[in-house]
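Subject: Structure for your review

Dear colleague,

My notes on what was found in it follow directly after.

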Amino acid sequence: MGEKHEESNQTMENLNVLQSTQAVIREALDKLGYPESVYELMKEPLRMLTVRIPVRMDDESVKIFTGFRAQHNDAVGPTKGGIRFHPDVTEDEVKALSIWMSLKSGIVDLPYGGGKGGIICDPREMSFRELERLSRGYVRAVSQIVGPSKDIPAPDVFTNSQIMAWMMDEYSRIKEFDSPGFITGKPLVLGGSHGRETATAKGVTICIREAAKKKGIELKGARVIIQGFGNAGSFLAKFMHDAGANVIGISDAYAALYDPNGLDIEYLLDRRDSFGTVTKLFKNTITNAELLESECDILVPAAIENQITAKNAHQIKADIIVEAANGPTTNEATKILTERGVLIVPDVLASAGGVTVSYFEWVQNNQGYYWSEEEVERKLEDILVKSFENVYQTAKSRKIDMRLAAYMVGVRKAAEASRFRGWV
Ligand code: NAD
C-alpha cells in the first residue's frame with residue numbers, strides 16, 4: 001500500500017502539505033542566504049506530541065481519539081496556533097500548519113513562534129457533551145507542554161469559542177489558577193477580545209482591498225466566489241457584500257451555490273448551521289470543483305487544503321486569489337497562476353488576521369485591560385496593510401511570486417532569533 005502510494009506520487013503533483021511547505025521554506029532560506037543548518041532547524045517542528053484521548057461516549061462506550069500538538073519554533077517567543085477537529089487531520093498536516101503559524105507571526109511581526117493542534121474526529125457526529133469531554137481530555141493530555149507563556153492554542157476548523165471555553169476551564173483547573181491567557185478565541189465574558197470572531201475575515205477583506213487596488217479592480221461590483229462558509233468564509237461573504245461586491249458563489253463541504261446575478265447573502269448567513277453548512281437547503285447546486293472554475297474576478301478559498309492544483313489551475317478564471325484557508329493552492333498551481341498573471345495573496349499573509357487579533361486577546365488577558373472593537377480594528381488594519389505592502393514589494397523587487405515573498409518575510413524573524421540564541 002505504502003509503496004504503491006510512493007510510485008503514483010512520482011508521476012503526480014505533490015499534495016503532501018508538509019513536503020510542499022518545506023520546499024518553499026528551503027527556497028526562501030536559500031534566497032535569504034542562510035546556511036543549510038537553518039533549513040534543517042526550520043523544516044520540522046521542534047516538538048511534536050501525539051496523544052491518545054479516551055472519551056466516554058453518551059452510549060457509555062469508550063472511544064479513543066488521537067490528537068497532536070506541534071510546536072514549530074519558539075526562538076521568538078511562545079508558540080501559538082489553533083486546534084483543528086476534523087476526520088482528515090494527519091501528523092504531517094499539523095506539522096505544516098505549525099510552520100505556517102511561524103510564517104504568519106513573522107509576516108505580521110508578532111512575538112510568537114508557530115504551533116498547531118489537531119484531533120482526528122468528526123464533531124458533526126458528536127453530541128455537545130461528547131465534544132466537551134473530548135476538548136477537556138485533549139487539554140489534560142497536552143497540559144505539560146502548553147501554557148500562556150509556552151504555547152497558546154486557538155480555534156481552527158470545526159472548533160469554536162465554546163470549545164475554547166471548556167479548554168480554558170480545564171487548564172485553569174489543572175493549574176489551579178485562572179488562566180485566560182492560555183487560549184484565545186474565547187467568549188467575551190471569559191476574556192475574549194472584541195473582533196476575534198471576525199478577525200480572519202476582516203484580515204482577508206483588507207488583503208482583497210489592497211490586492212484589488214494593485215490590479216486596478218473596483219471592489220464595488222466585483223464578482224466574488226468564496227469556497228467554504230464557516231467562520232472565515234461566512235463573515236467574509238458579509239464583509240464583501242457590505243463593501244458592495246457581488247458574491248456570486250459560495251460552498252460548504254457538500255456542494256456549492258452559484259448565481260452570476262449574486263446570492264442572497266443575508267439569507268444564507270441566517271440559515272447556515274454552526275459547522276458552516278447551508279447548501280443542503282438547495283436543489284440547484286454545483287460541485288466545489290465546478291465552483292472554483294466558475295467565472296469571477298476574485299476567488300477566495302476558505303475551506304481546506306489542496307483545492308487549486310496543477311489539474312485545475314489553467315481553468316481558474318479569477319484575476320485575484322486571496323487564500324483565507326491554509327494551504328489551498330499547491331506550489332505547481334502557484335507557478336501556473338503567477339505565470340498567467342493572477343495575483344495570489346498567500347495564506348500566510350491573507351489569513352493572518354486571526355492570529356493578529358488572537359495576539360491582541362492574549363495581550364489584553366496579560367494586562368487585564370480590555371480594548372474597544374474600534375481599537376482592535378484600527379490596530380488590525382495598520383498591521384495588515386503594512387504586511388501586505390511588505391510582501392508585495394518583496395515579490396516585485398525580487399521578481400518572485402507572492403508565496404515565496406511571504407515565506408521570505410515570514411521565516412526571517414524565527415531564523416534570526418534562532419541564530420542569536422546560538423541554536424544554529
Ligand atoms: P470552519 O470549520 O468554521 O468552516 C469550514 C468550512 O469549510 C465549512 O463551510 C465547511 O462546510 C467547509 N468544508 C469542510 N470540508 C470541506 C471540503 N472538503 N470541501 C469544501 N468545503 C469544505 O473553519 P474556518 O475557521 O472558517 O477555517 C476555514 C479555513 O480557514 C481553514 O483552512 C483554516 O485553517 C483557515 N483559517 C481559519 C482561521 C480562523 O480564525 N477561523 C484563521 C486562519 C486560517
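**The interface between the domains**

Across the interface of domain 1 and domain 2, the rule finds one salt bridge, a salt bridge being a side-chain nitrogen of Lys or Arg within 4 Å of a carboxyl oxygen of Asp or Glu. The side chains of Arg84 and Glu305 meet in a salt bridge, at 2.9 Å from N to O. Side chains of opposite charge can pair when their charged atoms come close.

Please note that this is a predicted model, in which local features need pLDDT of at least 70 and side-chain atom pairs count only at pLDDT 80 or more, while totals for chains, interfaces and linings use all residues. Residues are numbered from 1 along each chain as its sequence is written, and side-chain values use heavy atoms, with hydrogens and water left out.

The domain assignment, whose bounds come from an automatic or database source, places domain 1 at 44–179 and domain 2 at 199–350. Taken over C-alpha atoms, the centres of the two domains are separated by 27 Å. To the contact (heavy atoms within 4.5 Å), domain 1 brings 13 residues and domain 2 brings 10 residues.

About 1,000 Å² is buried between domain 1 and domain 2, with carbon and sulfur atoms giving 62% of this area; buried area is the accessible area (1.4 Å probe) that two parts lose on being put together, summed over both. In domain 1, the residues that lose the most area to domain 2 are Trp100, Lys104 and Arg124, together 46% of what that side buries.

**Pairs within the structure**

The structure holds 29 salt bridges. One of them joins the side chains of Glu36 and Arg26, at 3.1 Å from N to O. This pair links distant parts of the chain, with Glu36 in helix 3 (residues 36–42) and Arg26 in helix 2 (residues 17–32), 10 residues apart. Helices (H or I, at least four residues) are DSSP runs, numbered from the N terminus.

There are also 10 aromatic pairs, meaning rings of Phe, Tyr and Trp (its six-membered ring) with centres within 6.5 Å; planes under 30 degrees apart count as stacked, over 60 as edge-to-face and the rest as tilted. The rings of Tyr267 and Phe282 have centres 6.4 Å apart and planes at 85°, so this pair is edge-to-face.

Terms used. Helices (H or I, at least four residues) and strands (E, at least two) are DSSP runs, numbered from the N terminus.
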